[in-house]
Every structure is written in structure tokens, then in C-alpha cells.
Amino acid sequence: RVEGGYDVVGFIDTTLTRLGDRIAGVEIVGSIDTIGKVVNEQRVTEVIFSTEGLSYGEILSVIARSSTRGVNYRLVPDNLEAIIGKTRIDELDALPLVDIEYNIQKPLNRVFKRIFDILLSAILIPFVYIPVWALTVLGFRPARPRASDRILLLPSVFTGAYSFVGLPLEHVTEHNQFRDPAKGRIYLGPIGLTGIVQINAGDMLEAEEIERLQLYYAKNQSIGLDLEILLKTLFGPRR
């Protein structure tokens, strides 16, 4: 029951097996693999996800594959408040919709994040990295090996191979589908020395919880959030 000037083009199914079928008089016009073609051909301006058959990562991957300027991607919320975070809620014929956007993909955010990494690593390399590296070469065993390992990666932050805040290294292979925009997959950020997953690692996170935290970070990423995560890494409970 969509009113108020909306022209419903059709449904998108998870596969093409039911292409041409109708649901409540509305035709299935494509699948998640062909949604970009449908959007372009039909000049669609609004895509609404309402299925529980896709994970949040898969939904964002669909958006990445079919990102076209002028198209709003929205979601019928279920328990998404914990994932999406602060967001604008609209009403469409009594149906609440959540706008789907994520900060980590915005060019300006990525530029500021990179500048932040360069400046902070440039300060820490002479005063923190070099002393720790020298002690390691001399054979001194650090009291906190994990912290010293992260410090030894500071040059990699400076060169851009890592970021101060981002995806955990141990989950990059498992969640690699989120890290290849060239293949139409969603970008959730670089590998990080710390991150929202890492500071919660002591909670024995399940795969779905890791995904939710990563999506939350991608949605809300900012220099302020990065600083908050860094401070919690330094002064929060030891994991």
C-alpha cells in the first residue's frame, strides 16, 4: 500500500527463478544480481529492502554493486537500530524506513582518515616506534607483546597498508567479501591496529556480532569515533 506519488516498478527477488511472476499484482522484475540493470533501465530513484533472506552485509554488497547517483537505498527496520546507529526515520504509508548510508565510503571521510593516520604515525614513529624497535632488536622481552606488536606496525600505518582504526587483521580473510569494491563488494574500512571489534574482543563475539560491529563502524565512522576507539584501546579494560 504505497501512496503519495510513488510508482512501484516491481519486486527484486534473491534469484531469477521467479522472474515474471507477480506478487499482489506487482511483477518480479529482477534479482539481486541484476538490480543495477533494473535501476538504470527503469530509472528507479528509490530501492527498499524488506526481506530477511539477506544478511546486512549482503544488502550493503547489493548497494555497492548497483550504486547509481540519485538513488536512495532504504531498509524496513527490524532490530537494526543497533547496527545502523543514528539515522533518519521516515514514514511511508505507516511503514518505517531507514536510510542506508555509511560514512567510511565517503571520499572526504577517507581523506581525513588518511591524513589523521599520516600525522599521528609521523609523531609516534620517532618517539614510540624507534625505542620499541631498538629494545626488540636488543632482545628485550616486552611486558605486553600484543601492544609492542601493534607499535611495530606504525610504519605500515604511515605508508597506508594499515590504519590506526579499522578491521581486525584476524578477520580480514574471513570477511574478505567486505573489502573488494572493485568486485562490487562493500568497503568497511582498512585493516586497523585497533577497532570497534578489537576493543570488544574479550566478549567472545559471534560472527554475526562481529558483522554488526563492523557495519556500525562503517555507518558511523568519523575522526571523533576513531579517537574514541583509540582512547578505549589505551585506557579501557585490558583485553
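**Entry 1: Asp-226 and Lys-113**

I looked up Asp-226 first, and found that it is buried, as is Lys-113. Buried here means under 20% relative accessible area, exposed means over 50%, and partly exposed lies in between (1.4 Å probe, protein chains only). I am reading a predicted model, where local features need pLDDT of at least 70, side-chain atom pairs count only at pLDDT 80 or more, and totals for chains, interfaces and linings use all residues. Residues are numbered from 1 along each chain as its sequence is written, and side-chain values use heavy atoms, with hydrogens and water left out.

Asp-226 and Lys-113 form a salt bridge, with the closest N and O atoms 2.9 Å apart. This pair joins distant parts of the chain: Asp-226 sits in helix α8 (residues 223–235), Lys-113 in helix α4 (residues 107–137), and 113 residues separate them. Helices (H or I, at least four residues) and strands (E, at least two) are DSSP runs, numbered from the N terminus.

**Entry 2: other salt bridges**

I noted five salt bridges in the structure. The term needs a side-chain nitrogen of Lys or Arg within 4 Å of a carboxyl oxygen of Asp or Glu.

Lys-232 pairs with Glu-228, the closest N and O atoms being 3.1 Å apart. The two are four residues apart in helix α8, so about one helical turn separates them. Lys-232 is partly exposed at 43% relative accessibility, and Glu-228 is partly exposed at 38%.

I then checked Arg-22, which forms a salt bridge with Glu-27 at 3.9 Å between the closest N and O atoms. Arg-22 is exposed at 57% relative accessibility. Glu-27 is partly exposed at 33%.

**Entry 3: Asn-103**

Where is Asn-103 placed? I found it in the loop between β7 (95–99) and α4. Asn-103 counts as buried because its relative accessibility is 18%. A polar atom of its side chain lies 3.2 Å from the backbone oxygen of Gln-221. Beyond its neighbours within four places in sequence, Asn-103 has contacts (heavy atoms within 4.5 Å) that include Asn-109, Ala-218 and Gln-221.

**Entry 4: a cavity**

I looked for cavities: sets of points on a 1 Å grid over the protein atoms alone, where a 1.4 Å probe fits but cannot get out. The structure holds two of 30 Å³ or more.

Note on methods:
Polar contact = N/O pair within 3.5 Å; in protein donor to acceptor, adjacent residues only side chain to side chain. 1 Å grid on protein atoms, 1.4 Å probe; cavity = no way out; pocket = protein on both sides within 12 Å on 5 of 7 lines; lining within 4 Å. Points joined across faces, edges and corners; volume = space filled by probe spheres on them.
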